[in-house]
Amino acid sequence: VVLTISGKGGNKSSPLLYGVMFEEMDHSGDGGIHGQLLQNNGFQGNSLGMTAYAPIGSVNISQDTSKPVSDAITSSLRVSVSSNATEYVGFANTGYNGVPVRNATYNSSFWMSGTYSGTINLQLIGSHSGIVYADHNLTVESTESNFTQFKTTFNSSASPDGDNEWHLTFDGEKVAGSALNFGYIELFPPTYHERENGLREDLATVFEKVKFNFLRFPGGNNIEGLEIDSRWKWNRTIGPVVDRPGRESDWFYPNTDALGLDEYLWWCEDMQMTPLLAMWAGKSYGGIVSGSDLQPFVDDILNELEYLLGNSSTHFGALRVKNGRKDPWKIPYVEIGNEDDLTGGCDTYPDRFSQIYTAIHDAYPNITLVASNGDYSCLPSPVPEGVIIDLHLYRQPDDFVALFNQFDNQPRNQSIMVGEYGCRNTSNAKGTYWSYIQGSCSEAIYMMGMERNSDIVQMAAYAPLLEHFGFVSWSPTLYGFNSSSGSITPSTSYFVQKMFASNKGDTVIPINSSTEFGPLYWAATKSDSQYYVKLANYGPEEQNVTVSISETKSGRLEMLSGSRLQGNTPYEVDVETVSTKIEGKEGNYSVSMGPWAIAVLAVA
Ligand code: AHR
């Protein structure tokens, strides 16, 4: 196949094209990219009971609702010590199926009430091996009348696995026959950019390498709520974590909301991603609010925007400053709802959208608004100028390839976001369907279709981002992990996203080819004299390609290839991008595309 790349003409390509959708799901946030490692640390939600706690020594432990830590954290852990205790006693927290332990500095904190003056011992210890990786004492003075927070820092050596626990013990003899209460316990490994209440550095660093342009958050279904009242509420996710009550999520476990509104925006800012913030728009799984009943929720959206964008003379802007963010955040994009074409929202969405659109647009005309779906029967007619419509596509490989041309003949005046996409076995939606080469190749082909049309396809978010392999309700995700620090597993799709997001010019350029598309697909962009040619071979036969780009000399060839069903598993990353130098012969580059291979040729 001969591809002749033109240096002239072409369309502007969207600078925001490649992004990702993140929501709390599969413990992607709690126990995932958010740094805090202890599970059920504030007894939030109503489904966990004593999950992750165990007694140490001659004590009984129980959830105590009579001793709340704060108005938001309505329970604490009561540790009742037997009257003949003489040893150190206390409790363990087993994290999210174990605590990853690295050779690193840890921050830990806990709230405590009850009369105690003396030593608290913290340990990181192998659950079955009993090997102590960290052993740290601090001295506390605790009283019966109120909860006091104690914070400390210690070093740990590395555990070979994730089968570890955090232990808190105290001198049992001093409390024999009595009890102490502990609450809102926290353990942080190093965090990304050393942020307090920040992201887990190792998981965030893998994310950062993709170089996504934008982050769509906080959902997804998880903003919607199984009931109206359990929707994601912005004002419960801000300020001190001990004042965040958490919620029962859409994904069947309580969210701590420690990864809250400001934390999402620090994440975006630290990684130079544009935030795309979704707002609740009246639809939950438990019902729909519309018409005048929606107005209080519209007011709440304006309050949220005042919190994010207002200066310190405004009520909510001042609250943001108090919470540690002086300057207003940048919020260029706001999405109104999630998937209102599905789960019963279609008939009321045009009115709900218009009500919210008008309120936001009048107050913040510079914010670009995104409608939650692309079904014109579920959208106002006409769609207001400047509004982006959001399509979601989870498909099997052949279906994605068939959609390569999806955007070729769309009207050029309607901007589109593909707010969620990923290759998935939709006939077995709850089953595990981990990424593999053929599926990732099909995503690459679909992405080339978007890139070729990125004058109208402004943004495209792979979804979802991350899963803890021990808590999967949706798979695949871009990468996964289990409780061990060494388990982080980039999927084959991770490498496709990384190749595509890191190699895109500002202009889509025309290509002359010696054949039609299929099984080989291609797309090209350039910025100044730097060219990026993307290739994918959706078939079992090798394809020999000559790419001709006059006035270029050399560069790099990045290639992802493997057998059709090959994928990466924890501790075995078999398939990853291989980068080699490539020289052109008078601007001609020979590229051998193996079966199912995906490649980027970056030359100048
Ligand atoms: O990404 C998983 C889910 O898929 C999202 O929460 C929802 O928007 C979509 O249906």
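Trainee: Which residues are around the ligand?
Mentor: First, this is a predicted model, in which local features need pLDDT of at least 70, side-chain atom pairs count only at pLDDT 80 or more, and totals for chains, interfaces and linings use all residues. Residues are numbered from 1 along each chain as its sequence is written. A residue is near a molecule if its C-beta atom, placed from the backbone, lies within 6 Å of it. Around the ligand are Glu23, Gly219, Gly220, Asn221, Asn338, Glu339, His392, Glu420, Ala463, Pro464 and Trp474.

Trainee: How does the shell around the ligand divide by class?
Mentor: Ala, Val, Leu, Ile, Met, Phe, Trp, Tyr, Cys and Pro count as nonpolar, Asp, Glu, Lys and Arg as charged, and the others, Gly among them, as polar. The shell has five polar, three nonpolar and three charged residues.

Trainee: Into which domains is the chain divided?
Mentor: Domain bounds come from an automatic or database domain assignment. Here they give domain 1 (2-11 + 507-603), domain 2 (18-32 + 193-498) and domain 3 (53-188).

Trainee: How many residues of domain 2 are in contact with domain 3?
Mentor: Two residues are in contact if their C-beta atoms, placed from the backbone, lie within 7 Å. By that criterion, 14 residues of domain 2 meet 14 residues of domain 3. On the domain 2 side, nine are polar, three nonpolar and two charged. The centres of domain 2 and domain 3, taken over C-alpha atoms, are 36 Å apart.

Trainee: What are the spans of the C-alpha trace along its principal axes?
Mentor: They are about 85 × 60 × 45 Å.
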